[in-house]
Amino acid sequence: MLRIAVPNKGALSEAAMEMLSEAGYVQRRDRRELVMLDEENGVEFFYLRPRDIAVYVGAGTLDVGLTGRDLFQDARVDHGAEEVLGLGFGKSTFRLAGPAGRFTSAADLAGTRVATSYDGLLAQWFQDQGVPDVEVVHLDGAVETAVRLGVADAIADVVETGNTLKAAGMETFGEPIMTSEAILISGRGQHPEGLDRLIRRLQGVLVAAQYVMMDYDVHRDLLTQAAAITPGLESPTISPLADENWVAVRSMVPAKKTNQLMDQLYDLGARAILVSSIHACRI
Ligand SMILES: Nc1ncnc2c1ncn2[C@@H]1O[C@H](COP(=O)(O)OP(=O)(O)OP(=O)(O)O)[C@@H](O)[C@H]1O
Ligand SMILES: O=P(O)(O)OC[C@H]1O[C@H](OP(=O)(O)OP(=O)(O)O)[C@H](O)[C@@H]1O
Ligand SMILES: [Mg+2]
């Protein structure tokens with residue numbers, strides 16, 4: 001039985017459960033449920049604080065978990081757990097910010113106090129960057145207010161839209177410390193039964209969301225050029241048509257490029273170009 005940790009609240013929780021549902025797993029219906037057995041799929045879900053998930057997986061108590069890359073690095077458990085798959089949601093950056101105009105680079109923070117909820121991650125980063133004498137002040141949240149209230153000179157926090165920072169009269173400076181997204185983590189070097197299947201299912205959800213199926217008809221003489229526009233994942237499917245000078249082509253293409261590719265195919269001479277969404281897939 002594969003034991004999977006899932007965020008029970010916060011920014012990642014809803015999307016994590018939705019992705020698991022799309023991957024065919026049963027998810028809890030009631031927020032108070034802390035454990036959910038999905039017997040048919042041979043997995044058991046444990047709903048935990050996203051920050052704690054790396055700790056459970058790192059200690060080997062649970063096999064795998066969905067969490068944020070930033071939370072995983074902050075937990076400092078990379079001896080016990082490793083990232084196995086990016087999940088494409090919960091994207092954010094982790095950045096330094098200060099009162100508008102005060103700082104321009106991380107080096108300016110030598111000898112200052114920097115507030116954050118991610119002190120493991122931040123302290124390590126200052127050490128790696130060689131910025132001396134930074135006092136990292138741990139706060140649980142609402143970090144943007146720390147400077148105004150005098151407990152820190154600057155902050156490091158999760159930035160998604162930047163609205164929270166702006167409202168607090170703060171601005172980012174320096175390069176992002178890291179970019180984050182939801183990830184699947186697993187015990188380092190462990191290969192529990194069922195992990196490969198979970199990864200394949202999650203990859204299937206990712207691919208189904210990122211690709212569409214494109215069908216079109218094209219003259220045989222143009223097939224090589226058309227196939228170069230839509231190479232597919234392995235190679236396009238070519239089927240004969242009643243008119244033997246023409247063929248039907250079917251290929252998966254990145255959803256974001258749909259219109260651009262349709263224009264290119266049309267300009268080449270392809271016709272009856274159809275696009276359909278992919279409900280699920282295994283590649
Ligand atoms: N707009 C956002 N705000 C906060 N976290 C975000 C955002 N977008 C993505 N994330 C990601 O979500 C994770 C943080 O989740 P969560 O909000 O549950 O943590 P938290 O703020 O520490 O917890 P809480 O505020 O519930 O005590 C991080 O991996 C972070 O990168
Ligand atoms: O760039 P934005 O889109 O404004 O989002 C980022 C903000 O959201 C998070 O706060 P959250 O709501 O989780 O509160 P917290 O700081 O108390 O955790 C994060 O800590 C930032 O404050
Ligand atoms: Mg939060």
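The model is a predicted one. The chain has 283 residues, of which 35% count as buried. Its secondary structure comes to 8 helices and 15 strands. The radius of gyration is 24 Å, well over the 19 Å from the globule rule, so the chain is more spread out than a compact globule.

**Overall shape**
- Along its principal axes, the C-alpha trace spans about 75 × 50 × 35 Å.
- Take the contacts with a separation of 6 or more: 69% of them join residues 24 or more positions apart.

**Around ligand 2**
- The shell around ligand 2 holds 13 residues.
- The closest are Gly141, Glu160, Thr161, Asn163 and Thr164.
- By type, the shell divides into 5 nonpolar, 5 polar and 3 charged residues.
- Two elements each supply at least two shell residues: strand E9 (154-159) and helix H5 (163-167).
- Strand E9 gives the most, with 3 residues.

Technical notes:
Residues numbered from 1 in each chain as written. Chains lettered and ligands numbered in written order. Predicted model: local features only at pLDDT ≥ 70, side-chain atom pairs only at ≥ 80, totals over all residues. Near = placed C-beta within 6 Å. Helix = DSSP H or I, 4+ residues; strand = E, 2+ residues; numbered from the N terminus. Nonpolar A, V, L, I, M, F, W, Y, C, P; charged D, E, K, R; others polar. Rg over C-alpha atoms; globule rule 2.2 N^0.38 Å. Buried ≥ 20, exposed ≤ 12 C-beta atoms within 10 Å, placed from the backbone. Contact = placed C-beta atoms within 7 Å.
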